[in-house]
Amino acid sequence: MEVKICYFGAKRSGKSSIISHVFQGMKPEDTLKIEPTPDPRITVYDSRLLRIVNWEIPGKIESFEKLSPKDFELLKTFDIFIYIYDLRTNDSDPHIKTLKNYFKILTIQNPNFHFYCFFHQSDLDFPHMWNQIEERITVFRTKFENMIQQEGINSRALDQKYTKRTNIYDLSIKAG
Ligand SMILES: Nc1nc2c(ncn2[C@@H]2O[C@H](COP(=O)(O)OP(=O)(O)O)[C@@H](O)[C@H]2O)c(=O)[nH]1
Ligand SMILES: [Mg+2]
């Protein structure tokens, strides 16, 4: 069986780290040395029962429309799309707009995609602010869903559990 997963989101949100940690067993500390990913990159994980194709789209490609025509066609063939959001981001608004645009294109290109949003780097707490993480997730989620609705974008892919709070320093990324 084969599962194809595409990761996208801003620069330095943690896409390469997640792939390296989960599928290549890289220690979390070693991800500090990962270089920026210059171009869309596919890595394949093989086990006896399962092949997982991981496709990272670098943050500098702020819209799927900027993909090469060949990569744009690949969007149709992937099963799962995971948006990685760095929880340390202070102003979420531009990111919500970017995500809306990505999401809109997906609904047109790929009628069956599954969608997840990883609120990542949740191990880092924010100075002088108590429990900012849950609040940031709720605000992001609410704004994003309202925007989808206002724009009349098909929200089929947004099931109840599309958001997940993650970091590579505990088991959150491997569980569930
Ligand atoms: N504290 C913390 N740092 C992380 C986590 N995930 C990734 N990082 C760090 O974030 C930085 C950017 O990661 P990278 O994977 O290159 O991001 P990408 O540009 O989205 O591929 C690296 O220094 C990682 O060590 C996490 O869960 N917690
Ligand atoms: Mg990367």
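**Note on the ligand shell, the sheet and a helix pair**

1. By class, the shell around ligand 1 has six nonpolar, ten polar and four charged residues, where Ala, Val, Leu, Ile, Met, Phe, Trp, Tyr, Cys and Pro count as nonpolar, Asp, Glu, Lys and Arg as charged, and the others, Gly among them, as polar. This is a predicted model, in which local features need pLDDT of at least 70 and side-chain atom pairs count only at pLDDT 80 or more, while totals for chains, interfaces and linings use all residues. Residues are numbered from 1 along each chain as its sequence is written, and chains are lettered from A and ligands numbered from 1 in the order in which they are written.

2. The residues that surround ligand 1 number 20, and the closest are Gly14, Lys15, Ser16, Ser17 and Asn167; a residue counts as near if its C-beta atom, placed from the backbone, lies within 6 Å of the molecule. Helix α1 (residues 15–24) gives the most to this shell, with three residues; helices (H or I, at least four residues) and strands (E, at least two) are DSSP runs, numbered from the N terminus.

3. Six strands make up an open sheet with mixed pairing, in the order β2-β3-β1-β4-β5-β6, two strands being paired if DSSP finds at least two bridges between them. Its edge strands, β2 (41–46) and β6 (163–165), each pair on one side only, and the twist averages 25 degrees from one strand to the next.

4. Strand β3 (residues 51–56) pairs in the parallel sense with strand β1 (residues 2–8) over six bridges, whereas β2 and β3 run antiparallel and are joined by six bridges. Valine 53 in β3 is the bridge partner of lysine 4, and valine 44 also stands opposite valine 53. Four residues lie between β2 and β3 in the hairpin that they form.

5. The axes of helix α3 (residues 93–109) and helix α4 (residues 132–150) come within 10 Å and cross at roughly 45 degrees, with axes fitted to C-alpha atoms, for helices over the stretch in contact, and angles running from 0 to 180 degrees between N-to-C directions. That angle makes α3 oblique to α4, since angles under 35 degrees count as roughly parallel, over 145 as roughly antiparallel, 65 to 115 as roughly perpendicular and the rest as oblique.

6. In α3, Ile96, Leu99, Lys100 and Phe103 meet Phe140, Lys143, Phe144, Met147 and Ile148 in α4, contact requiring C-beta atoms, placed from the backbone, to lie within 7 Å. By class, this contact has seven nonpolar, no polar and two charged residues.

Definitions and conventions. Two residues are in contact if their C-beta atoms, placed from the backbone, lie within 7 Å.
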